[in-house]
Amino acid sequence: MQPSFDDLTQRLLAFRDERDWQRFHSLKNLMLSVNLEASELLELVQWKDDEAVKAALSEPEFQERLAEECADVLNYLLLICELAGINLGAAALEKIDRNAAKYPIEKSRGRATKYTEL
């Protein structure tokens, strides 16, 4: 069974609190950290073309590093949302609904055009 965002958040909070790290986890610091981790995610594909990135997906080492960096980004997002009182799952669903309204299928299918130019 997949853990819920709530389960992951509770585990993260316990991990953080056992180490007395809450004092370092201001909203600003968490936002900076999620950006740094996202940059490490980008570093995995730096200087590779799309075909090389696709080929790397079959490499266990790349998969492991990709999973670690994705987890780091998610963990910081969960901490940000916990601190700010945001339900990440609900916010994601709302964003999908807003994007569906901005990008109607009949205007956007197969196009990478921004909604303001559809």
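At the start of helix H5 (residues 88-102), a side-chain oxygen of Asn-87 comes to within 3.1 Å of the backbone nitrogen of Gly-89. The model is a predicted one, in which local features need pLDDT of at least 70, side-chain atom pairs count only at pLDDT 80 or more, and totals for chains, interfaces and linings use all residues. Residues are numbered from 1 along each chain as its sequence is written, and side-chain values use heavy atoms, with hydrogens and water left out.

Helices here are DSSP runs (H or I, at least four residues), numbered from the N terminus. Helix H1 (residues 5-18) packs against helix H4 (residues 60-84) at an angle of about 90°, and their axes, which are lines fitted to C-alpha atoms over the stretch in contact, lie 10 Å apart. H1 is therefore roughly perpendicular to H4, a term for angles of 65 to 115 degrees. On the H1 side the contact (heavy atoms within 4.5 Å) includes Leu-12 and Arg-16, while Asn-75 and Leu-79 are among the residues that H4 supplies.

Two residues can be compared by their relative accessible area, where buried means under 20%, exposed over 50% and partly exposed in between (1.4 Å probe, protein chains only).

| Residue | Relative accessible area | Class |
|---|---|---|
| His-25 | 16% | buried |
| Asn-75 | 26% | partly exposed |

His-25 is found in the loop between H1 and helix H2 (27-43), and, when residues up to four places away in sequence are not counted, His-25 touches Arg-16, Leu-30, Leu-79 and Leu-83.

How values were computed: Axes fitted to C-alpha atoms, helices over the stretch in contact; angles between N-to-C directions. Helix = DSSP H or I, 4+ residues; strand = E, 2+ residues; numbered from the N terminus. Parallel < 35°, antiparallel > 145°, perpendicular 65-115°, else oblique. Polar contact = N/O pair within 3.5 Å; in protein donor to acceptor, adjacent residues only side chain to side chain.
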